[in-house]
Amino acid sequence: MTLTIRKSMFLPATPDTVWDHLTKADLLGKWFHPAEQDLTEGQPYILKSAKDGDRMCWGTVEKSSPVSHMQWSFTVGPLNGHMTTVDWHLAPAPGGTNLTLEHSGLPEDGAAYGLVLALDKGWHGFLGNLHEIDQHHLSPETA
């Protein structure tokens with residue numbers, strides 16, 4: 001059995017707008033953690049704490065199919081270097097976007113289950129922040 005966190009939600013924003021919130025450094029900080037730079041395929045990323053600038057999570061953008069799918073390698077300090085995978089899937093929905101997150105490759109031993117629970121709770125909260133997404137946000141390309 002592999003442990004995978006799955007979350008799915010509907011957002012009242014276009015896939016382009018949701019994509020920008022997943023990839024643009026300035027918008028990531030509005031719902032998750034600020035990034036040092038925009039997230040692009042093949043590039044490492046670091047997301048920092050808005051409070052003190054400490055590194056919160058990091059990895060590499062492994063795959064990027066704009067406005068439909070993105071895959072990150074992903075770790076946080078408590079994972080002690082263990083790299084996991086985060087997949088983002090976006091699909092158009094009537095009036096918005098269906099966003100699905102799959103966080104896989106999580107530690108499977110009982111001792112790490114508390115960390116899995118903490119990650120699950122964290123994703124729940126952060127994704128909830130996306131409900132506040134600015135529906136009228138325009139990416140620089142479309143402004």
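Is arginine 6 buried or exposed? In the predicted model, arginine 6 has a relative accessibility of 56% and therefore counts as exposed, the cut-off being over 50%.

Confidence was examined before the local features. The mean pLDDT of the protein is 91, and 92% of the residues reach 70 or more. Among the elements, the lowest mean pLDDT, 93, belongs to helix α2 (residues 25-31), while strand β5 (residues 84-93) has the highest, 98. Over residues 138-143, pLDDT stays under 50; for this segment the model has 5 contacts beyond four places in sequence. Where pLDDT is low, predicted coordinates should not be read in detail.

Arginine 6 pairs with glutamate 102 through their side chains, with an N to O distance of 3.9 Å. This pair links distant parts of the chain, since arginine 6 belongs to strand β1 (residues 3-11) and glutamate 102 to strand β6 (residues 96-106), 96 residues apart. In contrast to the exposed arginine 6, glutamate 102 counts as partly exposed, at 27% relative accessibility.

Strand β1 also contributes lysine 7, whose side chain meets that of aspartate 120 in a salt bridge of 3.0 Å, N to O. Aspartate 120 lies in helix α3 (residues 113-129), and 113 residues separate the partners. Lysine 7 has a relative accessible area of 17% and is therefore buried, the limit being under 20%. Aspartate 120, at 29% relative accessibility, counts as partly exposed.

In a further salt bridge, the closest N and O atoms of lysine 48 and glutamate 36 are 3.1 Å apart.

Backbone torsions were considered next. Valine 67 is not a glycine, yet its phi is positive, at about 65 degrees. The residue is located in the loop between β3 (55-65) and β4 (69-76). With a relative accessibility of 29%, valine 67 counts as partly exposed. Asparagine 80, likewise a residue other than glycine, has a positive phi near 50 degrees and is found in the loop between β4 and β5. Its relative accessibility is 71%, so asparagine 80 counts as exposed.

Note on methods: Residues are numbered from 1 along each chain as its sequence is written. This is a predicted model: local features need pLDDT of at least 70, side-chain atom pairs count only at pLDDT 80 or more; totals for chains, interfaces and linings use all residues. Side-chain values use heavy atoms; hydrogens and water are left out. pLDDT is the predictor's confidence in each residue, from 0 to 100. Helices (H or I, at least four residues) and strands (E, at least two) are DSSP runs, numbered from the N terminus. Contact means heavy atoms within 4.5 Å. Buried means under 20% relative accessible area, exposed over 50%, partly exposed in between (1.4 Å probe, protein chains only). A salt bridge is a side-chain nitrogen of Lys or Arg within 4 Å of a carboxyl oxygen of Asp or Glu.
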